[in-house]
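Here is a note for a colleague who is opening this structure for the first time.

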Amino acid sequence: MSEGGCLCGSVRIRYIGEVQAKVLCHCADCRKITGSTYSTNVLVPGEGFSVIKGIPKTYSKRGDSGKTMTSNFCGDCGSTLWRGGETFGDARIIKAGVLDDAGALNDAKPAVELYAVARVAWVSPVAGAEQKQALADSATV
């Protein structure tokens, strides 16, 4: 079990179960959401995921796939906690930085990098991570 929350503590989440994937994403949406050059994510099953405090706000946007992705964030401090959408079924894409446990953060080393072609030149590929052009089912770079 792992828990996490937003910067101000108004929204808290928990997941129980195994992480399905550990993914670093360089897409434009993830850059905008994080305010950084990429996002580090853990994909968890929806059945073990819960909001344990607060009510997040949502923002939905059509992605490159043509399918809708929804960001769930704190309406007070703006921290994005997780995303979800048709492409990922009931799974939740948790932004690893919101997790409380330093061990969970260390365990979140990405096995895959998405939109690797959009990686900024001064960021190196994660050693051993598969490099994808777009979403997980896309061609390898």
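**Notes on pockets and a sheet**

1. The second largest pocket holds about 170 Å³ of space, where a pocket is, on a 1 Å grid over the protein atoms alone, an open set of points where a 1.4 Å probe fits, with protein on both sides within 12 Å along at least five of seven lines. Grid points are joined across faces, edges and corners, and a volume is the space filled by probe spheres set on the points.

2. This is a predicted model, in which local features need pLDDT of at least 70 and side-chain atom pairs count only at pLDDT 80 or more, while totals for chains, interfaces and linings use all residues. Residues are numbered from 1 along each chain as its sequence is written, and side-chain values use heavy atoms, with hydrogens and water left out.

3. Among the residues that line the second largest pocket are Met1, Tyr15, Lys22 and Asp107, lining residues being those with an atom within 4 Å of a point. This lining divides into 6 nonpolar, 2 polar and 4 charged residues.

4. The largest pocket has a volume of about 500 Å³. Of its 29 lining residues, Cys25, Phe88, Leu114, Tyr115 and Leu135 are the closest to its centre.

5. β1 is joined to β2 (residues 12-15) by 4 bridges, and Glu3 stands opposite Arg14 in β2.

Note on methods:
Pairing = 2+ DSSP bridges. Helix = DSSP H or I, 4+ residues; strand = E, 2+ residues; numbered from the N terminus. Nonpolar A, V, L, I, M, F, W, Y, C, P; charged D, E, K, R; others polar.
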